[in-house]
Amino acid sequence: YGKDWAFASRARCADLLPTQPQAILFVGTYKQLAAAIREARALGMQARFFSVSFVGTDSFIAEAGADAEGVYISQVVPSPDDTRLPLVRDYRADMHGPLGYASLEGYIGAAVLVEALRRTGPQPTRAQLVEALESMDLDLGGFHVRFGPKDHQGSDAVYLTRIEQGRAVSVHRQP
């Protein structure tokens, strides 16, 4: 993407500039989001940027630096810093290395798979694994996971964060 994205980003931001949008929803990778925000700010746009967890929160913050400030990112797992949750306390105790939203999501995925395999017994088959997953209703310590034959999502939870001083901070509902 590199140079091509930077050119396309300038063109897209320039196209949006006359409308002065209040918000821009961006779904893509962290490098492209950082480039788009830099271009928008260079053009004087004051729009709020919103993205989804796919962007890679920690990588985005590292890439964008100060330009990440104020960007909203929806997350599909709770904050890896929310030690009120037993899940997060277990995650923090078990993990070695950088902690973050992506690794917590992987940790949850691994816990779900291990539990499904435990339920299948010592000689699991594909059919047994599918059955175990599709009947799963599990509290992982403050984070609920449930699947069904027609529901493979696992969780519908969404946590909104805002980048403040180089960190993703949970945005709480206003009264």
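I will go through the aromatic pairs, then the pockets.

One thing to keep in mind is that this is a predicted model.

Let me start with the rings. A pair of aromatic rings is described by the distance of the centres and the angle of the planes. Searching the whole structure gives two aromatic pairs. In one of them, Phe-50 and Tyr-72, the ring centres are 4.8 Å apart and the planes sit at 15°, so this pair is stacked; the cut-off for stacked is under 30 degrees. Where do Phe-50 and Tyr-72 lie? Phe-50 is in strand E2, residues 48-52, and Tyr-72 is in strand E3, residues 72-75, so the pair ties together parts that are 22 residues apart in sequence.

As for accessibility, Tyr-72 has a relative value of 14% and therefore counts as buried, with the limit for buried being under 20%. Phe-50 comes out at 25%, so Phe-50 counts as partly exposed.

The other pair is Tyr-91 with Tyr-107, which is edge-to-face, at 5.4 Å centre to centre and with 70° between the planes. Buried or exposed, for Tyr-91 and Tyr-107? Both are buried.

The largest pocket holds about 350 Å³ of space. It is lined by 15 residues, and the closest to its centre are Tyr-159, Leu-160, Ser-170, Val-171 and His-172. Two elements give two or more residues to this lining, namely strand E7 (159-164) and strand E8 (167-170). E8 gives the most, with four residues. By class, the lining of the largest pocket has seven nonpolar, three polar and five charged residues.

The second largest pocket has a volume of about 250 Å³. Its lining includes Val-76, Val-77, Glu-105, Ile-108, Phe-143 and Gln-153. Which elements each supply at least two residues of this lining? They are H5, strand E5 (144-148) and strand E6 (151-154). H5 accounts for the largest share, four residues. The lining of the second largest pocket divides into seven nonpolar, four polar and one charged.

That is the end of my part.

Notes. Residues numbered from 1 in each chain as written. Predicted model: local features only at pLDDT ≥ 70, side-chain atom pairs only at ≥ 80, totals over all residues. Heavy atoms only, no water. Phe/Tyr/Trp six-rings, centres within 6.5 Å; stacked < 30°, edge-to-face > 60°. Buried < 20%, exposed > 50% of the residue type's maximum accessible area, 1.4 Å probe, protein only. 1 Å grid on protein atoms, 1.4 Å probe; cavity = no way out; pocket = protein on both sides within 12 Å on 5 of 7 lines; lining within 4 Å. Points joined across faces, edges and corners; volume = space filled by probe spheres on them. Nonpolar A, V, L, I, M, F, W, Y, C, P; charged D, E, K, R; others polar.
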